[in-house]
Amino acid sequence: MEKFFKALTDVNTEVNNFVWGKGLYLLLITGLIMTVITGVFQITHIKHWFAETIGKIFHKDVSGHVKDKSISQFQALCTALAATIGVGNIAGVAAAVVGGGPGAVFWMWIAAFLGMMTNYSENVLGIYYRRKNADGEWCGGAMYYLRDGLGSMKGCKWIGKIMAVLFSIFCILASFGIGAMGQINKIVVNVVNAFKIPSLEAIPFGDVTMYHLIIGVVLVVIATLIILGGLKRIAAFAEKIVPFMVILFVLGSLIVIGINYSAVGAAFASIFKYAFTGPAVWGGVTGIAVKEIVTLGCKRGVFSNEAGLGSSVMVHSNSNVVEPVRQGLWGIFEVFADTMVVCTMTALMILTSGVIDLNTGALMQGATDANLVAKAFSSLFGVWGERFIAVAILMFAFTTVLGWDHYGSKAWEYLFGAKSTKLYKVIHLVMIFLGALLTSSLAWDISDTFNGLMMVPNLIGVLTLSGLVVKITRNYVDRKLKHKDIKPMLSAFPDVQEEEEKRL
């Protein structure tokens with residue numbers, strides 16, 4: 001059995017290195033292409049997408065609850081952010097800084113800047129190719145624009161279908177690992193370390209304790225009450241907790257950064273200085289290659305905001321929005337909020353708090369990449385700082401689990417039909433419980449690979465349909481900004497197009 005697991009680990013390592021190595025280039029190239037062919041839309045129309053997203057947050061047609069099977073645009077954003085803002089925004093950023101130096105943060109920004117247009121394109125295609133299922137609920141995502149978009153091209157019918165199936169399989173497997181076990185395990189480890197209960201920790205069950213078991217049961221019960229209520233309940237929970245947790249974390253970060261304001265200039269200087277020149281000595285490693293810094297920063301950025309994986313499209317497609325571009329604008333804002341705001345706050349907090357030496361990379365005593373952010377808080381607030389981060393990870397990771405439940409259920413629905421999704425939810429709940437008890441890293445190492453594998457078929461779909469994204473974008477700009485009287489491009493299907501035109 002030991003030989004089997006070693007062989008499995010070796011195979012997974014090779015596949016993971018390829019996916020997050022070569023695949024990362026495909027991701028960045030896709031983002032660059034979509035940025036260029038849309039005329040650097042995220043910059044040239046920055047005023048517009050801010051006005052149409054956060055600027056309309058209190059408008060009834062954006063955040064007001066809807067009576068049909070769809071959800072509001074704001075609920076779609078919050079559910080997508082629930083899945084993306086997770087452990088990667090805290091531990092992931094810390095790992096990037098420890099492994100690649102401050103320069104890795106710069107490349108996280110670059111990946112996010114390009115990822116804005118990748119995410120925009122995914123959401124535009126998701127809305128354009130969505131259809132309603134037998135229950136009257138919108139269904140969209142990479143599998144649909146692969147099957148109906150790529151598949152409609154000459155000689156690509158079966159290629160589109162096969163890629164749609166592969167994407168769905170990868171998504172389901174990723175939802176069990178990254179979207180369940182990995183997140184829950186981080187919650188349990190941080191809660192156990194921050195809130196000591198010796199009496200429960202003294203009762204062992206193999207490698208775990210009664211404390212781990214109780215936390216696992218509590219999380220499963222809460223998750224069951226929300227998940228079995230379907231997307232409506234997940235979205236209702238997300239729209240309440242996500243804004244609260246983001247604001248709370250940003251405020252906490254600003255307090256730490258504000259107290260250490262004298263180090264902010266040095267922090268930014270180190271980010272730009274080491275983005276193109278590896279530190280001579282960093283963390284005991286001599287001469288970190290710039291390529292490693294770029295790769296680590298971009299990978300952590302993608303891991304955080306998921307732009308290019310095709311995941312958040314599945315919830316954005318459930319929005320009550322009519323215009324594909326309108327939901328695309330929320331995709332831009334999603335990446336902005338996740339990486340440019342939350343991840344930047346985390347990075348600045350680490351770099352200004354003194355938990356890491358900006359010149360040598362030496363960590364303060366007792367600090368690791370796993371607890372670096374907690375140490376930054378505890379350096380000012382003592383044990384309560386560590387507990388604050390444990391609670392933040394609890395909220396971030398748990399909402400990630402809920403968001404990924406929707407992604408996995410949509411992929412399952414595509415493969416096996418809407419009536420069978422209850423079975424998926426039961427399996428997903430089991431995986432949540434296992435996450436509280438699991439000690440081996442192999443399970444989520446493998447799911448990290450599946451997470452990366454999702455982007456390959458998705459990005460092929462985005463690239464092959466890039467011309468369509470440009471047409472839909474120009475159509476929107478001509479109508480909404482230049483006030484031309486032309487027919488809107490709302491759906492690939494005539495019946496849906498006609499129905500949606502009535503809602504304009």
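The chain holds 24 helices and 6 strands, in what is a predicted model. Of its 504 residues, 58% count as buried, and the chain exposes about 20,100 Å², of which carbon and sulfur atoms supply 67%. Among contacts between residues at least 6 apart in sequence, 80% join residues at least 24 apart.

**Helix α20**

- Helix α20 covers residues 421-437, and its 17 residues, at 1.5 Å a residue, should span 24 Å; the C-alpha atoms at its ends are 25 Å apart, which agrees with that expectation.
- The buried residues of α20 are Thr421, Tyr424, Lys425, His428, Leu429, Met431, Ile432, Gly435 and Ala436.
- Viewed down the axis of α20, these buried residues fall within an arc of 160°, so they line one face of the helix.
- The spacing of such a pattern can be read from helix geometry, because an α-helix has 3.6 residues a turn and residues three or four places apart therefore point the same way.

**The nonpolar core**

- The largest nonpolar core has 136 residues, and of these Tyr120 and Ile432 touch the most other members.
- Ile432, which is also among the buried residues of α20, touches Ala180, Ile184, Val220, Ala223, Ile227 and Val401, when residues up to four places away in sequence are not counted.
- In soluble globular proteins, nonpolar side chains tend to be buried together.

**Thr30 and its surroundings**

- Thr30 lies in helix α2, which comprises residues 22-37, and Thr30 is buried, its relative accessible area being 0%.
- Once neighbours within four places in sequence are left aside, the residues in contact with Thr30 are Thr118, Leu459, Val462 and Leu463.
- The C-alpha atoms of Thr30 and Met117 are separated by 8.9 Å, although the two residues are 87 residues apart along the chain.

**Cysteines**

- The count of disulfides comes to 0, where a disulfide would require a pair of cysteine sulfur atoms within 2.5 Å.
- Cys171 is buried, with a relative accessible area of 0%.
- Cys156, at 16% relative accessibility, also counts as buried, because the cut-off for that class is under 20% relative accessible area.

Definitions and conventions:
Residues numbered from 1 in each chain as written. Predicted model: local features only at pLDDT ≥ 70, side-chain atom pairs only at ≥ 80, totals over all residues. Heavy atoms only, no water. Helix = DSSP H or I, 4+ residues; strand = E, 2+ residues; numbered from the N terminus. Buried < 20%, exposed > 50% of the residue type's maximum accessible area, 1.4 Å probe, protein only. Contact = heavy atoms within 4.5 Å. Areas by Shrake-Rupley, 256 points an atom, 1.4 Å probe, with all protein chains shown as cover. Expected span 1.5 Å × (residues − 1). Arc of directions from axis to C-beta. Core = buried A, V, L, I, M, F, W, Y, C linked by side-chain atoms within 4.5 Å.
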